[in-house]
Amino acid sequence: MTGTVVVQPAGVEIVVEDGESLMRAAERLGYRWPTICGGQGTCRTCFVQVDEGLAHCSGIGGLEREGIAALRRPVDGRTRLACQLRVTGGPVTVTRRGVRRRTEGEQGVG
Ligand code: FES
């Protein structure tokens with residue numbers, strides 16, 4: 001089942017396929033997402049704040065839990081790593097500055 005995520009403040013809507021992370025879905029749709037590790041779950045640069053739709057978000061695994069703790073945020077579902085976050089249904093609303101359409105010639109990651 002697919003999920004839908006609205007990313008603020010840009011206001012872009014991302015349709016997340018089954019089993020795909022939010023960050024991968026955004027890249028597939030032509031958006032640039034802040035990352036250093038490219039989705040390995042280790043840089044924490046991709047983090048988002050979940051504003052609405054917590055019930056549609058996947059559970060938090062061990063690696064992501066460590067990352068959120070390292071960001072000095074509570075592991076309460078409000079802070080997530082976009083490269084680990086999967087979504088079913090929705091809509092889910094998150095806040096992440098720096099998400100924008102890739103310009104021509106730009107790589108998907110970075
Ligand atoms: S992209 Fe590096 S932790 Fe998510």
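1. Thr79 makes contact with Phe47, Val48, Ile68, Leu71 and Arg73, leaving aside residues up to four places away in sequence. The residue belongs to strand β5, which covers residues 79-81. Thr79 counts as buried because its relative accessibility is 5%, the cut-off for burial being under 20%. The model under discussion is a predicted one.

2. As to the overall fold, the protein chain contains two helices and seven strands. Their order along the sequence is β-β-α-β-β-α-β-β-β. Among contacts between residues at least 6 apart in sequence, 65% join residues at least 24 apart.

3. The overall dimensions may be taken next. The radius of gyration of the protein chain is 13 Å, which agrees with the value near 13 Å that a compact globule of 110 residues would have. Along the principal axes, the C-alpha atoms fill a box of roughly 35 × 25 × 25 Å.

4. On burial and surface, 39% of the 110 residues count as buried. The accessible surface of the protein chain amounts to about 5,600 Å², and carbon and sulfur atoms account for 47% of that area.

5. The protein chain carries 15 positive and 12 negative charges, and the mean position of the positive charges is 6 Å from that of the negative charges.

6. Ala25 lies in helix α1, residues 22-28. With a relative accessible area of 0%, Ala25 is buried. Apart from residues up to four places away in sequence, Ala25 touches Ile14, Val15, Val16 and Glu20. Gly41 is 16 residues from Ala25 along the chain, and the C-alpha atoms of the two residues are separated by 16 Å.

7. Is the cysteine Cys57 buried or exposed? Cys57 counts as buried, since its relative accessibility is 15%. Cys83 is likewise buried, at a relative accessible area of 7%. The structure holds zero disulfides. For Cys57, the closest cysteine sulfur is that of Cys46, at 14 Å, and this is too far for a bond; a disulfide would require the two sulfur atoms to be within 2.5 Å.

8. Which peptide bond is cis at Pro9? The bond from Gln8 to Pro9 is cis, with omega near 5 degrees. Pro9 sits in the loop between β1 (3-8) and β2 (12-16). A cis peptide bond also joins Gly90 and Pro91, where omega is about 10 degrees. Pro91 is placed in strand β6, residues 89-95.

9. Arg44 lies in the loop between β3 (31-32) and β4 (47-52). At 31% relative accessibility, Arg44 counts as partly exposed.

10. Arg72 also has a positive phi, of about 60 degrees, although it is not a glycine. Arg72 is found in the loop between α2 (62-70) and β5. The relative accessible area of Arg72 is 78%, and the residue is therefore exposed.

Methods. Residues are numbered from 1 along each chain as its sequence is written. This is a predicted model: local features need pLDDT of at least 70, side-chain atom pairs count only at pLDDT 80 or more; totals for chains, interfaces and linings use all residues. Side-chain values use heavy atoms; hydrogens and water are left out. Helices (H or I, at least four residues) and strands (E, at least two) are DSSP runs, numbered from the N terminus. The radius of gyration is taken over C-alpha atoms; the globule rule is 2.2 Å times the number of residues to the power 0.38. Buried means under 20% relative accessible area, exposed over 50%, partly exposed in between (1.4 Å probe, protein chains only). Contact means heavy atoms within 4.5 Å. Accessible areas come from the Shrake-Rupley method with a 1.4 Å probe; for residues, only the protein chains shown count as cover. Lys and Arg count as positive and Asp and Glu as negative; His and the chain ends are not counted. The place of a charge is taken as NZ of Lys, CZ of Arg, CG of Asp or CD of Glu.
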